[in-house]
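Hi there,

Here is the structure I promised to pass on to you. Have a look at it first, and then read my notes below.

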Protein chains: 2
Amino acid sequence: MSIRSDVDHIIADAIQAALPDAAVARALTGKVFPGRVFLIAAGKAAWQMAKAAVDLLGDTITEGVVITKYAHSHGDIFRTTIHEAGHPVPDDNSFSATEAALTLTKGLQPDDTVLFLLSGGGSALFEKPLIPPQELQDITKQLLASGADIVEMNTIRKRLSAVKGGRFAQHCFPAQVYAIVLSDIIGDPLDMIASGPAYPDASSCADALAIVKRYALRLSEQALACLNVETPKALQNVETQVTGSVKQLCASAEESCTRLGYRPMVLTDSLCCTARDAGSFLAAIARRYAETEDSLAFIAGGETVVHLKGKGKGGRNQELALAAAEGISGLRDTAVFSVGSDGTDGPTDAAGGYVDNTTAGVLRQSGISIFDELENNNAYVALEACGGLIKTGATGTNVNDLSVLLIKR
Amino acid sequence: MSIRSDVDHIIADAIQAALPDAAVARALTGKVFPGRVFLIAAGKAAWQMAKAAVDLLGDTITEGVVITKYAHSHGDIFRTTIHEAGHPVPDDNSFSATEAALTLTKGLQPDDTVLFLLSGGGSALFEKPLIPPQELQDITKQLLASGADIVEMNTIRKRLSAVKGGRFAQHCFPAQVYAIVLSDIIGDPLDMIASGPAYPDASSCADALAIVKRYALRLSEQALACLNVETPKALQNVETQVTGSVKQLCASAEESCTRLGYRPMVLTDSLCCTARDAGSFLAAIARRYAETEDSLAFIAGGETVVHLKGKGKGGRNQELALAAAEGISGLRDTAVFSVGSDGTDGPTDAAGGYVDNTTAGVLRQSGISIFDELENNNAYVALEACGGLIKTGATGTNVNDLSVLLIKR
């Protein structure tokens with residue numbers, strides 16, 4: 001099998017494993033619920049997650065509420081009500097849908113379970129503000145203008161919400177909450193994903209008041225009173241499974257590579273450097289292992305950055321791959337690819353890029369300078385010229401990027 | 001033992017192993033010469049290399065010629081004549097010293113050996129031009145102005161020299177040449193180091209003439225005639241040992257780490273990306289292996305680059321280390337260091353930098369922003385404030401840089 005066909009297999013497997021459906025199925029495997037199960041799903045992938053859970057659990061689900069973004073639901077789901085609402089700015093539909101979820105999960109018994117399916121976008125879609133929405137918007141604007149960091153912003157906002165910062169789990173008590181979280185933030189910070197409705201809050205009222213003072217925030221009496229109410233510091237009734245994150249993408253690539261005969265190593269699942277330099281670093285690793293007798297795979301998950309200087313067409317994954325081409329040129333059966341798990345890399349129709357030891361030569365023959373194209377952020381055009389674009393179409397998931405160096409023997 | 005003291009051990013060991021003396025001793029271990037041994041040493045480290053060889057071989061050496069840069073010899077060496085000459089531009093002393101070496105190695109017997117000790121700078125110090133030196137300089141200037149690449153430049157220059165491009169080895173025939181090469185170029189390209197006096201040349205006369213045409217070079221009849229004389233494509237009488245290169249630096253770090261209880265992995269010995277991004281990449285690896293139960297060491301050799309934007313004080317090794325500080329902050333017993341093997345990093349008195357999981361916190365307390373200092377290329381000042389400068393003094397070798405991530409358990 002060619003190295004390029006190995007690449008296609010690895011990508012297909014990794015994306016499959018990171019799909020909401022597969023992620024939910026994995027998290028529910030072997031899970032037994034003692035009593036009634038109430039399903040609450042919120043986020044951009046809420047519909048897929050709920051569908052997968054109901055397909056698996058069927059009759060076990062007592063009743064459910066699904067809250068997703070407009071145009072993100074794909075039909076009815078057994079025993080659940082589906083709500084579409086505003087994102088990224090919450091609207092009245094967000095609030096009424098959240099109210100429906102709170103009503104369904106009120107007054108439950110200790111052996112009841114709230115199956116809570118959370119995905120990116122949940123912060124806007126799952127919200128019940130404790131102050132008028134207009135004031136909440138105004139405070140958010142003040143915070144943004146003040147230069148407050150994301151931790152400071154969340155310290156304030158969690159206290160102005162009836163569901164964030166662990167309060168939704170508190171509301172469900174004494175029922176058990178089984179949370180399945182599809183993470184799209186590197187490092188899976190559970191207090192950040194949808195502002196952590198089922199995760200204890202680490203900040204204190206004193207922290208919140210210090211932030212108000214530090215940035216001279218203007219707040220109503222009502223908002224100020226909210227900041228003085230403590231968020232839960234521990235939650236006894238919550239069990240959380242993080243799934244479908246970039247870690248899953250890497251783990252799946254690791255499995256695929258093993259199946260294809262490579263000895264895999266995951267270097268990192270939180271890559272965050274410049275795309276070009278990540279490509280150069282992977283190529284430098286390739287040169288070190290050029291004489292290997294075993295097939296090797298070096299896997300890096302994360303999200304690199306691009307410094308836009310030029311006016312070309314491309315994306316961070318395409319830049320990463322193209323930047324590795326010169327450095328692996330002349331080696332034997334060596335390839336580097338990088339793909340965005342959502343199937344979209346930058347403002348292009350490609351998911352990412354692929355290069356191998358022949359790419360630099362092919363481009364030179366075509367009169368294309370890799371250096372110039374990278375300087376012009378024009379990786380798409382260079383990769384197109386050598387068959388190096390990877391196209392998957394929209395995948396239905398979004399858990400960052402996967403970059404892999406393959407050395408085939 | 002603390003992680004910082006481990007770092008000091010690793011650096012001392014690695015530099016020790018990369019010193020010319022140690023490198024020559026390693027290459028001569030177990031080597032037996034059947035007949036007379038004529039020593040020719042050329043380059044900036046020629047004196048140290050010759051001294052080490054003569055100290056080891058003593059009476060075995062019949063006679064020798066050492067050619068080094070002005071002020072680079074440190075006294076007499078048994079049975080050898082020492083010449084100091086011009087670098088980077090060859091002068092009359094270069095030519096007369098080279099002539100002395102050629103005279104000594106002329107008319108040798110098949111069981112004689114030429115022990116050829118080569119180090120950086122040899123291209124200027126060891127030279128016998130076949131055309132007047134003024135014309136050689138003029139052609140070099142034309143090539144530089146034309147935009148010719150380094151391969152094209154060497155294709156021309158090797159043909160204009162009586163010793164480059166394998167011709168010195170050809171001259172020594174039928175004697176055997178045992179070449180010990182101290183490499184300061186990443187990847188150890190033997191045809192590039194001192195223009196490869198004992199290494200076959202891959203280019204052809206046709207290549208050389210095509211370059212003349214491509215760049216419309218103006219050459220004398222004499223020079224043109226030289227281009228039509230073929231360089232040796234194979235050399236039966238040469239054995240080459242590359243030693244003391246960045247590979248040695250990495251191998252030594254690997255051994256030190258093992259001795260100190262770490263499980264080491266050399267990621268690369270040809271790192272060439274941006275210093276900041278290399279630091280970020282190493283930190284991303286650290287986060288992946290944060291939960292390891294074994295002590296781990298990830299080793300990268302090479303030479304990163306710095307894009308000067310600010311007016312601060314620092315060097316590529318200091319930038320690499322400082323750039324890793326934020327990313328390893330909060331992890332347990334984790335450090336990143338980077339040093340230049342010559343003991344000089346950028347225009348500073350430091351050899352490199354060290355950071356660990358506490359560094360970012362310490363700097364924050366001191367009101368120092370890592371991001372701002374990196375933007376200002378001011379890593380020296382930030383590292384100085386947290387005890388993160390590594391100072392070794394001049395080491396007497398120069399085989400690129402060593403960067404290491406340590407996770408201690």
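Let's begin with one residue in chain B: Ser195(B) counts as buried because its relative accessibility is 4%, where buried means under 20% relative accessible area, exposed means over 50% and partly exposed means in between (1.4 Å probe, protein chains only). Ser195(B) is found in the loop between β5 (176–182) and α9 (205–214) of chain B. Helices (H or I, at least four residues) and strands (E, at least two) are DSSP runs, numbered from the N terminus. The phi of Ser195(B) is near 60°, a positive value in a residue other than glycine.

Before going on, please keep in mind that this is a predicted model, in which local features need pLDDT of at least 70 and side-chain atom pairs count only at pLDDT 80 or more, while totals for chains, interfaces and linings use all residues. Residues are numbered from 1 along each chain as its sequence is written, chains are lettered from A and ligands numbered from 1 in the order in which they are written, and side-chain values use heavy atoms, with hydrogens and water left out.

**Backbone features**

Most residues other than glycine have a negative phi, and most peptide bonds are trans. Asn377(A) has a positive phi, near 50°, and is not a glycine. Asn377(A) lies in the loop between α15 and α16 (379–385) of chain A, and it counts as buried because its relative accessibility is 4%.

Where do cis peptide bonds turn up? One joins His87(A) and Pro88(A), with omega about 10°, and Pro88(A) is found in the loop between β3 and α4 of chain A. Another joins Phe173(A) and Pro174(A), with omega about 10°; Pro174(A) is in the loop between α8 and β5 of chain A.

Helix α3 (residues 46–57) of chain A has 12 residues and reaches 16 Å from its first C-alpha to its last, close to the 16 Å expected at 1.5 Å a residue. The expected span is 1.5 Å times one less than the number of residues. α3(A) is mostly covered, with nine of its 12 residues buried; among them are Trp47(A), Met49(A), Val54(A) and Leu57(A). These buried residues pack against α2 (20–28), β1 (37–42), β2 (61–69), β3 (80–85), β4 (113–118) and β5 (176–182) of chain A, where contact means heavy atoms within 4.5 Å. After α3(A) comes Gly58(A), whose phi is positive, near 50°.

Helix α4 (residues 92–104) of chain A has 13 residues and reaches 18 Å from its first C-alpha to its last, close to the 18 Å expected. Its buried residues include Phe95(A), Leu102(A) and Leu104(A). The partners that the buried residues of α4(A) pack against include β1, β2, β3 and α6 of chain A.

Which residues of α6(A) are buried? They are Glu135(A), Leu136(A), Ile139(A), Thr140(A), Gln142(A) and Leu143(A). Seen down the axis of α6(A), they fall within an arc of 160°, so they line one face of the helix; the arc is that of the directions from the helix axis to the C-beta atoms. On the other side of α6(A), Gln134(A), Lys141(A), Leu144(A) and Ala145(A) are exposed. What covers the buried residues includes α7 (150–159), α9 (205–214) and α10 (221–227) of chain A. α6(A) is followed by Gly147(A), whose phi is positive, near 90°.

**Two more residues**

Gln248(A) lies in helix α11 (residues 246–259) of chain A and is buried, with a relative accessible area of 18%. Leaving out residues up to four places away in sequence, Gln248(A) touches Ala17(A) and Arg26(A).

Over in chain B, Pro264(B) sits in strand β7 (residues 263–271). Is Pro264(B) buried or partly exposed? Pro264(B) counts as partly exposed because its relative accessibility is 22%. Not counting residues up to four places away in sequence, its contacts include Glu254(B), Cys257(B) and Ile299(B).

Enjoy exploring it!

Best wishes
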